[in-house]
Amino acid sequence: LPTHSAPTGNGTGPPRATHARRELELPPFVQDGVPKQSMKEEDFLSRWTDECRDAGYSFSESDLLNYHVAMKSERFNVLAGPSGIGKSTLPRLYSLALQGAVVEQTSSDRFLQIPVRPGWMDARDLLGYFNSLEDAFQPSPSRLFEYLVYAYEEEQRGTSGIYVVNLDEINLSYVEHYFADF
């Protein structure tokens, strides 16, 4: 986004203040692309099982398979259940397994965990808002906006990969308020 100064009205008024706009720095995995890996699905499932075991978790094989099928079938999934069963951990481990060897370079670039806050009322809390005083978009601290930009840029380069976003404790605020734009 370029820095600019523009006159107001008919050009006789004072110029608008110049605002330095922040460039969205693309992480290395977007700039360099993602190594193409050909892998059989059973090999991926084995890698994911190993990732879970190595992290100290003992999910059942049927739970891992069901999660995998859900991730392949839908773009938005809701995990429900009592506290402490791994609802927040499962998406992170899945993302790590998807990344495979890329994990060494960029261990968290394709996984974003967003802790939902009880007071979220609209999409500004999740994505950000246009600040008319500064004449610029202000992304929210959740970093979701940047992740959407990275995914778009990567798709444009033809090196698209999978991003996993976990809205942790999604029920703490009314999801129809802050997630309505999606």
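Tutor: Contact means heavy atoms within 4.5 Å. Helices (H or I, at least four residues) and strands (E, at least two) are DSSP runs, numbered from the N terminus. Buried means under 20% relative accessible area, exposed over 50%, and partly exposed in between (1.4 Å probe, protein chains only). This is a predicted model, where local features need pLDDT of at least 70, side-chain atom pairs need 80 or more, and totals for chains, interfaces and linings use all residues. Residues are numbered from 1 along each chain as its sequence is written, and side-chain values use heavy atoms, without hydrogens or water.

Student: What makes up the protein, element by element?

Tutor: There are six helices and four strands. From the N terminus the order is α-α-α-α-β-β-β-α-β-α. Of the 182 residues, 31% are buried.

Student: Why is helix 4 called mostly covered?

Tutor: Count its buried residues. Helix 4 spans residues 89-99, and nine of its eleven residues are buried. Among them are L90, L93, Y94 and L96. The buried residues of helix 4 pack against helix 2 (41-54), helix 3 (61-73), strand 1 and strand 4.

Student: What makes a set of residues a nonpolar core?

Tutor: They must be buried Ala, Val, Leu, Ile, Met, Phe, Trp, Tyr or Cys residues, joined through side-chain atoms within 4.5 Å. The largest such core here has 14 residues. I114, W120, L126, L144, L167 and Y178 have the most contacts inside it. Strand 1 (111-115) and helix 5 (144-157) each supply at least two of its residues. Helix 5 gives the largest share, three residues. A separate core of eleven residues includes W48, F59, L64 and L93.

Student: Why would such residues gather at all?

Tutor: In soluble globular proteins, nonpolar side chains tend to be buried together.

Student: Why is E154 called buried?

Tutor: Its relative accessibility is 0%, so E154 counts as buried. R110 has a relative accessible area of 4%, so R110 is buried as well.

Student: Why is D54 called exposed?

Tutor: The relative accessible area of D54 is 61%, so D54 lands on the exposed side of the cut-off. D54 forms a salt bridge with R53, at 3.5 Å between the closest N and O atoms.

Student: What makes D122 partly exposed?

Tutor: D122 has 23% relative accessibility, so D122 falls in between. D122 also bridges to R124, with closest N and O atoms 2.7 Å apart. Elsewhere, salt bridges with shared partners join D50, R53 and D54 into one network. The count for the protein is five salt bridges.

Student: How do you know that D168 has no salt bridge?

Tutor: Lys and Arg count as positive, Asp and Glu as negative; His and the chain ends are not counted. The nearest side chain of opposite charge to D168 is K87, 7.5 Å away. That is not within the cut-off, so D168 is buried without a salt bridge.

Student: What makes the link from D168 to S88 a polar contact?

Tutor: A polar contact is a pair of N or O atoms within 3.5 Å; within protein, one must be able to donate a hydrogen and the other to accept it, and sequence-adjacent residues count only if both atoms are side-chain atoms. The side chain of D168 is 2.4 Å from that of S88. It also makes a polar contact with the side chain of Q113, at 3.3 Å. D168 lies in strand 4 (residues 164-168).

Student: Why do strand 2 and strand 3 count as paired?

Tutor: Two strands pair if DSSP finds at least two bridges between them. Strand 2 (128-131) and strand 3 (136-139) have four, in the antiparallel sense, so they pass the test. F130 has F137 as its bridge partner. The two strands form a hairpin with four residues between them, and D135 in the turn has a positive phi of about 55 degrees.

Conventions: Salt bridge = Lys/Arg side-chain N within 4 Å of Asp/Glu carboxyl O.
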